[in-house]
Amino acid sequence: MENHTLTEQNHQDTMAQQIVFDVDLIKRYDRTGPRYTSYPTAAQFHPGISEDDYRKWAQHSNEDPIPRSLSLYFHIPFCDTVCYYCACTKVVTKNHHRASEYLDYLCREIALQGQLFDSDRIVEQLHWGGGTPTFLDNDQIRKLTDVTSRHFTLRTDDSGEHSIEIDPRSVDADKLRVLREAGFNRISLGVQDVNPEVQKAVNRQQSLELTQNVTEQARRLGFKSVNMDLMYGLPYQTVASFDRTLDSVIDMNPDRIAVYNYAHLPERFKPQRRINEATLPSADEKLALLQHTIEHLTGAGYVYIGMDHFAKPDDELAIAQENGSLHRNFQGYSTHVDCDLVSMGMSAIGHVCDNYSQNVRDLDQYYALLDAGRLPLDRGIELEPDDLLRRDVINHLICNFVLDIKALEKKWNFNFHTHFRPELEDLQTMQADGLLLVEDEILQVLPAGRLLVRNICMVFDRYLRKGSDHSRFSRVI
Ligand code: SF4
């Protein structure tokens, strides 16, 4: 057993050496587990959350002595065609009229939600996700922006963080210009893989030239930040073929890159049944793809943020991580710790006054509730003090890879070692394996533990400790 001692020097080494890829360790710890975009996770949401509860949360949050800013999320569920790997909540249709009907209802929800939050609460962050937000035509984009700005206080000087997920196949120069005029300043492009053979097998044919053009046009229009989403574990991918995808993406110079693990669960996600399992890389090949991706991207100067995400060293995410102020929410990593997240649209998940809520996931139900003048809520969870404490612990670990035990004790007025005695005992094996180190009142995730940080967080998850089923989650690697 190695003796890991956190001297100042090896703390610095730890920070410099972002990540260690240890195949044996990864195989040993590979299991299913949450991605902790929330704690408690959506698995704990229940239908006992009422409209009155949500209104009460909004009211309480308005009464905070220093009112929190807002983050707005809008879910646009439509897609023209289906990508076979997809596990998102979406509606696949060629009928673009369906978007105008949806938009009418979404605008009603915006009006209902807008009434609940004081107008002095500035929107710092706004995000359109999907589905395919760029399924909307230019007039619909303008309408949604206009209605939002009538019911919420948006920043108009381009200082807010306004981002949108873009399917390059559904935009042209004109639509990009309309998006920029509507206040968007960040884009996230779906790419996945540039290899035509892979693209054909997953029904997402998108030329590299198209992605390059959209990226260049967006930069010319003044979009400040470009993210690209890739996926490993898709049919026909090899280390050599994915290497070309990585090179092509690095050439486009995005500020952030997300490389998601494809989880093949055809029994849960119907489109995945159209993927021929014989063409998928084996578990060992997937590990090799992941290892190569990490080495290639960090070698090209990107910082490993964690949980599939990479960013340039001068990107806000990398800076926030270095400062210990990175945060995680339903859109992934964020620098906006103190915002209430007001989410609108079918299936959207919000986070108001430290509680979570989710809208109904069925379009007809969404319309019916709004027809009745009601908020289209489905389920959620009101957090207990223990949830808040554990969420803080998990957030520190998953975002910043370090937990300052003394600072935590001061903040929550408790004794860490007594409260988390069983958890600390469970962490001993991980400590012996070199995943983490608890010393001098600091819990540090070591470079070999970074890829396995979900396993460390799972130790602090009270619901998993109580025996909640974790097989519904994706594998940690
Ligand atoms: S990956 Fe995106 S574009 Fe493809 S089906 Fe899913 S939501 Fe639609």
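Glycine 131 sits in the loop between strand E4 (122-130) and H5, where helices (H or I, at least four residues) and strands (E, at least two) are DSSP runs numbered from the N terminus. The peptide bond that joins glycine 130 to glycine 131 is cis, with omega about 20°. This is a predicted model, in which local features need pLDDT of at least 70 and side-chain atom pairs count only at pLDDT 80 or more, whereas totals for chains, interfaces and linings use all residues. Residues are numbered from 1 along each chain as its sequence is written.

A cis peptide bond also links tyrosine 39 and proline 40, with omega about -5°, and proline 40 is placed in the loop between H2 and helix H3 (51-62). Methionine 307, which is not a glycine, has a positive phi of about 45°, and this residue belongs to the loop between strand E10 (303-306) and strand E11 (309-311). Most residues other than glycine have a negative phi, and most peptide bonds are trans.

## Surroundings of the ligand

Glycine 130 and glycine 131 are among the residues around the ligand, together with Cys79, Val82, Cys83, Cys86, Cys88, Lys90, Thr132, Asp167 and Gly190; a residue is near a molecule if its C-beta atom, placed from the backbone, lies within 6 Å of it. This shell consists of five nonpolar, four polar and two charged residues, where Ala, Val, Leu, Ile, Met, Phe, Trp, Tyr, Cys and Pro count as nonpolar, Asp, Glu, Lys and Arg as charged, and the others, Gly among them, as polar.

Helix H4 (residues 97-116) packs with H5 at an angle of about 10°, their axes being 9 Å apart; axes are lines fitted to C-alpha atoms, for helices over the stretch in contact, and angles run from 0 to 180 degrees between N-to-C directions. H4 is therefore roughly parallel to H5, a term for angles under 35 degrees. H4 contributes Ala99, Ser100, Leu103, Leu106, Cys107, Ile110, Ala111 and Gly114 to the contact, and H5 contributes Gln140, Lys143, Leu144, Val147, Thr148 and His151, with contact meaning that the C-beta atoms of two residues, placed from the backbone, lie within 7 Å. By class, these residues are eight nonpolar, five polar and one charged.

Helix H5 (residues 138-151) also meets helix H6 (residues 173-181), the two axes coming within 10 Å and crossing at roughly 10°, so that H5 is roughly parallel to H6. Here Asn138, Ile141 and Arg142 of H5 face Asp174, Lys175, Val178 and Leu179 of H6 in the contact, which has three nonpolar, one polar and three charged residues.

The domain assignment divides the chain into domain 1 (8-39 + 384-465) and domain 2 (42-381), with bounds that come from an automatic or database assignment. Their C-alpha centres lie 27 Å apart, and the contact takes 18 residues from domain 1 and 20 residues from domain 2. On the side of domain 1 that touches domain 2, helix H2 (23-29) and helix H13 (385-400) each supply at least two residues, and H13 gives the most, with five.

Three strands form an open antiparallel sheet in the order E18-E20-E19, where pairing requires that DSSP finds at least two bridges between two strands. Strand E18 (402-404) and strand E19 (436-439) each have a single partner strand, so one side of each is left without a neighbour in the sheet.

Notes: Angles under 35 degrees count as roughly parallel, over 145 as roughly antiparallel, 65 to 115 as roughly perpendicular and the rest as oblique.
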